[in-house]
Amino acid sequence: MAGGNERSMKALKEVWRRAENSLCADCGKPDPDWASSTLGVFICLSCSGIHRNIPSISKVKSLKMDHWDDAQVQFLAKHGNAVTKATYEAHIPIYYYQPTYNDCQVLREQWIRAKYERKEFTEPGKQLPYSDGVKEGILWKRGRDNGQFLPRKFLLSEREGCLKYFTKQDAKEPKINVKIDVINATFQPVKIGNPNGLQITYLKDNKTRNIFVYHESGKEVVDWFNAIRSVQFHYLKVAFPIASDNEIKNRLTRNFLKEGYMEKTGPKQREAFKKRWFTLDHRRLMYFKDPLDAFAKGEVFVGSRENGYSVQKGLPSGTQGSFSWRYGLTIVTPDREYLFTCETETDQLDWIAAFTSVINQAMTPQEYAIEAYFKFKS
C-alpha cells in the first residue's frame with residue numbers, strides 16, 4: 001500500500017512540474033498547489049476557494065496535503081492546464097477581460113463560473129449577455145450630493161456609441177449621455193464598500209467625472225463591465241480600421257496605476273499641506289477631498305522624461321508649508337514643482353515607482369494634445 005502511495009505521489013509531482021501547470025489556470029498566479037480532480041486544472045489557493053463554491057462542477061484537493069489515488073493522478077496527467085484551457089477557453093471574445101490574481105473577487109469568480117459552469121467560451125459564435133451591442137438594466141448609483149445608493153436605469157448602446165442613465169424608469173431624457181470612447185470602468189469594492197462595486201469614469205470638457213455603482217448580482221455587474229468593453233471594442237474597430245485587434249484591446253478599460261492618500265500644498269509652496277485622495281490614471285494625477293467625490297478638485301498632467309518631467313524623493317530644501325507626514329516627493333514639470341508627502345516610506349516608494357513608470361514612457365500625439373490643454377488651462 002505504501003508503495004502505491006509513493007508511486008502516485010511521484011506521478012503527481014511529475015505532472016505538477018510540467019511547464020503548462022506552473023501557473024494557476026484561472027488567474028495566472030505562480031506555483032499553484034491545488035488542483036481540480038474533476039476538471040484536471042492546477043489552481044492557486046484563492047481560486048480553489050471559488051471552485052469549492054461550485055461543487056457540482058469542480059472537486060478541489062491540495063497537492064501537498066491531500067491523498068491522490070492513481071485514477072485521479074492519471075486524470076490530471078491526461079488533462080492539465082493546457083488541455084483544459086483548449087476546451088473551456090477556446091472562443092473567448094477578444095474584448096472579454098481575463099482577470100489576474102491581482103484583481104478583485106467578483107471578477108475572478110465570474111471568470112471561473114463563465115468558463116466551467118456556464119461554458120460561455122466552448123462554442124464559436126455563442127450569444128453572450130454582453131455581446132449583442134446593447135444592454136439595459138438597473139444599477140444602484142451613488143448620489144453625488146447625498147451619498148445614497150439608489151436604483152437607476154442604465155442603457156448602453158453600440159449603435160448610438162454611448163452610455164446613458166436615467167433618474168426615473170419612465171424618464172424620456174437621460175441624466176447623462178456619454179460617448180463610449182471617453183469611458184473607463186474599474187472595479188472598486190473597497191472604495192465603494194460593496195463587493196460588486198464598479199467605478200465608471202468619463203471625460204466631460206476634458207475633466208474627469210466619477211460615477212459609483214453596484215449590483216446585487218456579481219454576474220450582472222461583470223456582464224455590464226464586459227458589455228462596456230464590447231461596445232468600446234467595436235466602436236474603435238470602426239474608428240481605427242487599420243489597427244490590430246490587440247492594439248484596440250489595449251485601449252479598452254484600464255485599472256488605475258495607483259490610488260491613495262497623500263498630503264499636498266498649493267502652488268506658492270507656503271500653504272499648509274492638506275490630506276487628499278489621489279488617483280493616478282496613466283498621465284492624469286487627480287486629487288479629491290473624498291475618495292467617492294464625483295469631481296476631482298484638481299488634475300496634474302504627468303508627461304515624459306524627455307519632455308522635462310521627473311519625480312524626486314523628498315521635498316526641496318527650505319519648503320515652508322507645514323506638513324504632518326514625513327515622507328515627501330516632488331513632481332517636476334516644465335512649468336512648476338508639485339510637492340506631496342506620504343504617511344509611510346512604503347507609500348512614498350510606491351508612488352515614486354508609479355510616477356517613474358509613467359514618466360519613462362514616450363508620449364503619444366494624443367497625449368501632447370492633452371498636455372497642451374493642461375498648459376492652456378493653467
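1. C104 has 17% relative accessibility, so it counts as buried (buried is under 20% relative accessible area, exposed over 50% and partly exposed in between, with a 1.4 Å probe and protein chains only). Before going on: this is a predicted model, where local features need pLDDT of at least 70 and side-chain atom pairs count only at pLDDT 80 or more, while totals for chains, interfaces and linings use all residues. Residues are numbered from 1 along each chain as its sequence is written, and side-chain values use heavy atoms, without hydrogens or water.

2. C47 itself is buried, with 0% relative accessibility. Its sulfur has C44 as the closest cysteine partner, but 3.8 Å is still too far for a bond.

3. β13 has a partner in β12 (residues 274-281), antiparallel and joined by 5 bridges (strands pair if DSSP finds at least two bridges between them). L280 is bridged to L285 of β13. The two strands make a hairpin with 2 residues between them, and H282 in the turn has a positive phi of about 55 degrees. β13 also pairs with β14 (residues 298-301), again antiparallel, over 4 bridges; there, Y287 has G298 as its bridge partner.

4. Now the pockets. On a 1 Å grid over the protein atoms alone, a pocket is an open set of points with protein on both sides within 12 Å along at least five of seven lines, a cavity is a set where a 1.4 Å probe fits but cannot get out, and lining residues have an atom within 4 Å of a point. The largest pocket has a volume of about 1200 Å³ (the space filled by probe spheres set on the points, which are joined across faces, edges and corners). It is lined by 39 residues, and D181, R251, L252, R254 and H282 are the closest to its centre. H282 is also in the β12-β13 turn. Helix α7 brings the largest share of this lining, 6 residues.

5. The second largest pocket holds about 450 Å³. Of its 22 lining residues, R144, Y165, K175, I176 and R209 are the closest to the centre. β7 gives the largest share, 4 residues.

6. There are 2 cavities of 30 Å³ or more. The largest has about 50 Å³ of space, and its lining includes R144 and R209. β10 gives the most to that lining, 4 residues. By class, the lining has 4 nonpolar, 2 polar and 4 charged residues (Ala, Val, Leu, Ile, Met, Phe, Trp, Tyr, Cys and Pro count as nonpolar, Asp, Glu, Lys and Arg as charged, and the others, Gly among them, as polar).

Terms used. Disulfide = S-S within 2.5 Å.
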